[in-house]
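Trainee: Could we go through this one together? I'd like to talk about charged pairs and then about a strand.

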Amino acid sequence: MIAEELSKTAAAEREAQAQFEHRINVCVAASCLSSNSDKIKSALETEVKKKGLEKSCQVRGVGCMRLCSRGPLVSTETQGEDETQPASVLYQNVTPEDAPALVESLKGEPVKALECPTDTPFFKSQVTIVLENSGKIDPERIEEYIAVEGYATLLKALTTMTPAEVIAEISRSGLRGRGGAGYSTGLKWTTVAKANGGSRKYVICNADEGDPGAFMDRSVLESDPHRILEGMALAAYAVGASHGYIYVRAEYPLAIKRLRAAIRQAERNGLLGTNISGTTFSFTVELRLGAGAFVCGEETALIASIEGKRGQPRPRPPYPAESGVWGCPTLINNVETFANIVPIIREGGDWFAGIGTAKSKGTKVFALTGQIHNTGLIEVPMGTPLREIVYEIGGGIPGGKAFKAVQTGGPSGGCIPAQHLDSPVDYESLIQLGSFMGSGGMIIMDETSCMVDVATYFMEFCMSESCGKCVPCRVGTAHMYDLLQKITRGEATMADLDLLLEVCDVVKNTSLCGLGMGAPQPIFSTLRYFRDEYLAHIEAKQCPAGVCKIHEGNEEVIA
Amino acid sequence: MSPTVRVKTLTIDGQAVGAREDQTIMQVARENNIFVPALCAIEGLTPVGACRLCIVEVKGVNKLLPACATRIEEGMEVTTNSERVANYRRTILEMLFSEGNHICSVCVSNGHCELQTLAKKLGMTHVRVPYRSTMRRVDASHERFIADPNRCILCTRCVRVCDEIEGAHTWDVMGRGINSRIITDLSQPWGDSDSCTSCGKCVNVCPTGALFEKGKAVSEMSKRQEFLPYLTLMREGKK
Amino acid sequence: MSTPKVRVATIWLDGCSGCHMSLLDMDERLIELADKIDVVYTPLMDVKQFPKDVDVTLVEGAVNSHEDYERILEVRKNTKILVSLGDCAISANVPSMRNPFGVEVTLKRAYVENVTLNPQIPSKEVPPLMPLARPVHAVVKVDLFVQGCPPSADTIHFVIAELLEGRTPDLSERTRFGA
Ligand SMILES: Cc1cc2nc3c(=O)[nH]c(=O)nc-3n(C[C@H](O)[C@H](O)[C@H](O)COP(=O)(O)O)c2cc1C
Ligand code: SF4
Ligand code: FES
C-alpha cells in the first residue's frame with residue numbers, strides 16, 4: 001500500500017462510518033469481556049436488527065475505555081450537525097438486558113440509570129497519547145486504524161525521513177523506556193543503529209508484562225494493536241532491522257489473537273513484509289509466546305526464551321543492543337514505549353517534550369487498583385501529583401477509610417505514604433521516595449493494610465518468580481520471605497530484623513539481574529516509612545492493622 | 001588463530017597488568033596470581049555468572065561485576081577483595097550452605113570440596129541464616145555414578161560440560177527459584193538416560209560431592225579437572 | 001597473691017562426644033592448663049548444677065532435644081565467652097540429618113522400624129526432640145566458632161591458650177568444616 005492508497009482507504013472507511021447516524025461502541029477488552037461484554041454486543045446487534053436500524057446504527061467492539069471498575073462499558077455516538085463532534089454518552093455496568101433501552105435512547109434521552117458521567121476528573125484530568133485510539137476504534141479492523149491516520153506516519157517516515165532523522169526526533173522527544181528503568185529511548189536506538197556485529201538486526205517488543213496488578217500493556221495490545229506494529233516498523237527503519245518479535249505472555253490470549261490478526265492484515269495490505277509501500281524497507285514481525293514467567297520480561301531472559309532456551313538472564317554487558325537475539329544487535333522496548341513512537345514522529349519530538357517534567361517527558365499509563373473508587377487504566381502527564389491521581393482521578397478511598405500508601409513499581413517498587421502524596425509522579429521523584437516507576441502498576445492501600453504483610457506478599461512473588469540461576473536471589477528471596485513470615489507471625493526478634501536487612505543488602509547488591517536487585521525494595525521502603533509496624537510485630541507481638549495472625553507461645557514451640 | 005587481538009592495560013588491586021582484549025577479569029587476575037573466588041566458573045566452559053562469588057569492584061561502575069563474565073577494558077581499575085565484597089561473599093557462601101545439606105563430615109568429597117575450601121579461605125565461620133533442611137532424592141540408578149542433589153549448589157558446571165564438551169546435553173536444570181534442581185534427560189533416572197555416555201566429565205567438574213563415583217567412602221572422592229583446559233586447547237588448535 | 005584461675009566449663013549437647021575425646025587428647029598439656037584454669041563443669045565430672053560466673057564454656061553438639069534447649073539457655077546465662085566447639089555445635093551437622101524427615105518419621109525409624117525386640121517410641125527417660133536440630137547460635141549468642149569434626153587437640157589447645165592470653169584465636173589456617 002502506498003501513501004495514496006492509504007489515504008483512499010482511510011477516506012473510504014471514514015465515509016462508510018459517516019453513513020451511520022448512530023454508533024454503539026462496546027468495550028471488548030479483557031476486563032469488560034470478562035463480564036460478558038460480548039453478550040451485550042450481540043444483544044445490541046439483535047436489537048438493532050429487530051428495530052430495522054442496521055443501516056443507520058452500527059454496533060462495534062472497541063478497545064478499553066479505561067474506567068474498568070464500572071464495566072462493562074458501552075458508549076453511544078450520534079452524528080450531529082457538526083460532523084466532527086458527535087454527541088456521545090457513556091454507560092456503565094451494562095447488561096445484555098439493557099440493549100433495548102440503549103437502542104431506544106438513540107432517538108431520545110440517554111438512559112439515566114446507566115449513564116456514566118464523563119465530565120469527572122477521572123476523564124478530564126487524563127491526557128491520552130498512548131491510549132488515543134483506545135476505546136475509539138475497533139481493534140480487529142485495520143481499516144479503522146487507517147481511518148484515524150494509522151500507518152500514515154510510517155509511510156511518511158519511509159518516504160521523507162532518513163533513519164537518522166527518525167532517531168533524532170525520538171531523541172528530541174526525551175522519551176524514556178516504559179518497561180521499568182526509564183532508559184533513554186533515543187540513546188538506545190542510536191546504539192543499535194550504530195552496532196555492526198552480526199548478520200542482521202532485530203527489534204523486539206517486550207509484552208511480557210508480569211508485575212502483579214499491571215495491565216497497561218495488555219490493554220494497549222488489545223485495544224490498538226496496529227499502533228505497536230507501526231511503532232516497531234518505525235523503530236526497525238530507524239535502527240536498520242528487518243525482523244521483529246513480539247514476546248507476549250500466553251496468559252493474554254485476547255492480545256495474542258488481536259496481534260495475530262493485526263499482523264495478517266498489515267501484511268495483506270503491504271504495511272508489513274518486503275518492500276513496504278514500494279520502498280526498499282522490509283520488516284516482518286513474528287509473535288513469540290511466553291509461558292508467563294515474570295523473569296522472562298527481563299531482556300536477556302526474554303531473548304534466551306525467544307531462542308528456545310530456558311528463560312534465564314545472563315550478565316550484561318554485552319547488552320542486547322550489541323549482542324541480542326541470535327547474537328545480533330537487538331533493539332528491545334516495552335509495549336508502551338512503542339505506543340509512543342507514532343505520535344512523536346507524527347507530531348514531532350518537541351511537541352512530546354512539551355508534556356511532562358524536565359526529565360520525564362510525555363504521559364504514563366497506570367493501572368490503578370486496590371482500595372480506590374475508580375479502578376482502571378489512566379493516562380496522565382508525567383509529573384502529575386500522586387494526590388491528584390488518588391483523590392481526583394481515582395476518586396479517593398471507599399468506605400470512609402484513611403489512605404495509607406500507594407505501591408508503585410511492582411515487586412521492585414515501594415510503598416509511598418501519605419506525607420508524600422504531593423510528590424509528582426516521574427522517574428526521579430519515585431526513586432527518591434524509595435520506590436520505582438516500573439511498568440505502571442499502582443496499588444492503593446488503606447488503613448486496613450498491614451505493611452509487613454504487603455512486603456511479605458511481594459517477597460513471596462519474587463521468591464516464586466526467581467529463576468534460580470544466581471545464588472543471592474535464589475536463596476536470599478527464600479530467606480527474606482521466611483524472615484518476613486516470622487515477623488508477621490509475631491515470632492521474630494530484633495536480631496531477625498538485622499539479619500533480614502543484611503540479607504536484603506546482599507541480594508540487592510550481588511544479584512545477577514533486576515529481579516534480585518529489586519526484590520528487597522518493598523522491604524526497604526516499608527521499613528523506611530512504616531518501621532513502627534515492624535516493631536509492633538516484633539516487640540509488642542501485635543499487628544496494628546489486625547491482618548497478621550500472631551502466634552501465641554514461646555521460642556520452644558516455634559523452634 | 002583469531003585475527004589481531006589487541007592488548008590492553010588495567011590495574012587489579014593496584015597492580016598494573018596487561019591482557020588480551022578478549023580476556024575476562026578473572027582470567028587476567030589468575031594469570032597474575034591474584035586470587036578471585038569462583039564456584040560456577042571453570043576454565044574451559046562458558047562463564048554464566050551465577051554463583052556471584054567472583055564479584056569485584058570496578059572504579060566508576062556502581063554495580064559489582066562478576067569477574068568470570070566481565071571482559072577487561074582499557075584503564076579499568078579493579079579491586080578484588082574489599083571488605084564489603086568479602087562480607088558479601090561470606091553471606092553468599094552461608095546461603096549456599098543453608099540451601100542444601102552440606103554435612104562435610106560425612107561427605108565423599110570431604111577435604112576435596114571447592115565449597116568447603118572456599119568457606120575456609122573466605123573465613124565463613126558459621127551460617128547465620130537458618131538451614132532450610134529440604135529433602136531431595138538421591139539418584140543412584142547409574143551403574144558408575146551417584147547424584148546427591150542435597151549437595152548440589154546449582155553451579156551448572158555439569159550441564160555445561162555435558163553440553164559444550166561432551167555434546168550429550170544429558171544434564172539440565174528444572175524448576176525455578178529455590179525449587180531449581182539439576183536433572184538428567186527429561187527428569188528421568190540417570191541410569192535410564194539414553195543420552196548419557198558415562199564419560200564422567202560431569203562428576204569431575206562438580207565442585208562438591210553432589211556427583212561422585214560409586215564405591216567411594218567419606219573423603220575418598222577427589223576430582224580430576226585437568227582434562228578441561230587440555231580439551232579446550234586441543235579444540236582451538238584444530239580450528 | 002596469685003591471679004584467680006579462669007573458670008572453664010564444657011558441655012555436651014547432641015554430639016557424639018568426639019569433641020570431648022579430642023579435648024582429652026590434649027594429654028599432658030591438660031596438666032599445664034590445670035595451673036591456669038579451673039574446670040568447673042563438664043560431663044566428665046559429677047556436677048549436677050551448671051555453675052555461675054563461668055568465664056569460658058565450650059559447647060559440643062547441636063540443640064536437638066528440649067533438654068538441650070533448656071541447658072543451653074542456662075549455660076548462656078552463666079557464661080562470659082561461649083564457644084561452639086565442633087561442627088555439631090556450629091551447623092547441627094550429623095544430628096541435623098534427621099531434619100528433612102521430621103521428628104515422627106525419625107523416631108519411628110529409630111525405635112520401631114529398626115528394632116525387632118519390643119519396638120516402641122520411648123515416652124520416658126529419652127528427652128523429647130524439638131522439630132529441628134539446630135546450631136547453638138540459632139538459639140543463643142555464640143562468641144567463637146571452632147570448626148572441625150572433631151577439631152583436633154592442637155586446635156582446642158590453641159583456642160584455650162589464646163583465650164587465656166586474652167586474644168581472639170585466629171582459626172582460619174587451623175581448621176575447617178569436616179576436618
Ligand atoms: C525481572 C524483570 C522483569 C521485567 N519485566 C518486564 C516486562 O514485563 N515488560 C517490559 O517491558 N520490561 C520488563 N523488564 C525490563 C526489560 O528488561 C527491559 O529493560 C525493557 O523491556 C526495555 O524496554 P524500554 O527501554 O522500552 O523500557 C523487566 C526487567 C526485569 C529485571
Ligand atoms: S537475580 Fe534472580 S531472576 Fe535474576 S538471574 Fe538471579 S536468580 Fe535469576
Ligand atoms: S565464578 Fe563468577 S559468578 Fe560464579
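Mentor: Let us settle a term before we start: a salt bridge here is a side-chain nitrogen of Lys or Arg within 4 Å of a carboxyl oxygen of Asp or Glu. Please keep in mind that this is a predicted model. By that criterion C:E113 forms a salt bridge with C:R109, with 3.2 Å between the closest N and O atoms.

Trainee: Where do C:E113 and C:R109 sit, and how far apart are they in the helix?

Mentor: Both belong to helix 5 (residues 103-113) of chain C, where they are four residues apart, or about one helical turn. C:E113 is partly exposed, its relative accessible area being 47%.

Trainee: How many salt bridges are there over all chains?

Mentor: A search of the whole structure gives 52. One of them joins the side chains of A:E132 and A:R346 at 3.0 Å, N to O. A:E132 lies in the loop between helix 5 (121-124) and helix 6 (142-147) of chain A and A:R346 in helix 15 (residues 341-347), so this pair ties together parts that are 214 residues apart in sequence.

Trainee: And is A:E132 buried or exposed?

Mentor: A:E132 is buried, at 18% relative accessible area, whereas A:R346 is partly exposed at 26%.

Trainee: Switching to strands, which residues of strand 2 of chain A are covered on each face?

Mentor: On one side A:C57, A:V59 and A:G61 are buried, and on the other A:Q58, A:R60 and A:V62 are buried too. A:R60 also belongs to a network of salt bridges with A:E13, A:R141, A:E143 and A:E144.

Trainee: What does strand 2 pair with?

Mentor: Strand 1 (residues 22-27) of chain A runs parallel to strand 2 and is joined to it by six bridges; A:H22, for instance, has A:C57 as its bridge partner.

Note on methods: Residues numbered from 1 in each chain as written. Chains lettered and ligands numbered in written order. Predicted model: local features only at pLDDT ≥ 70, side-chain atom pairs only at ≥ 80, totals over all residues. Heavy atoms only, no water. Buried < 20%, exposed > 50% of the residue type's maximum accessible area, 1.4 Å probe, protein only. Helix = DSSP H or I, 4+ residues; strand = E, 2+ residues; numbered from the N terminus. Pairing = 2+ DSSP bridges.
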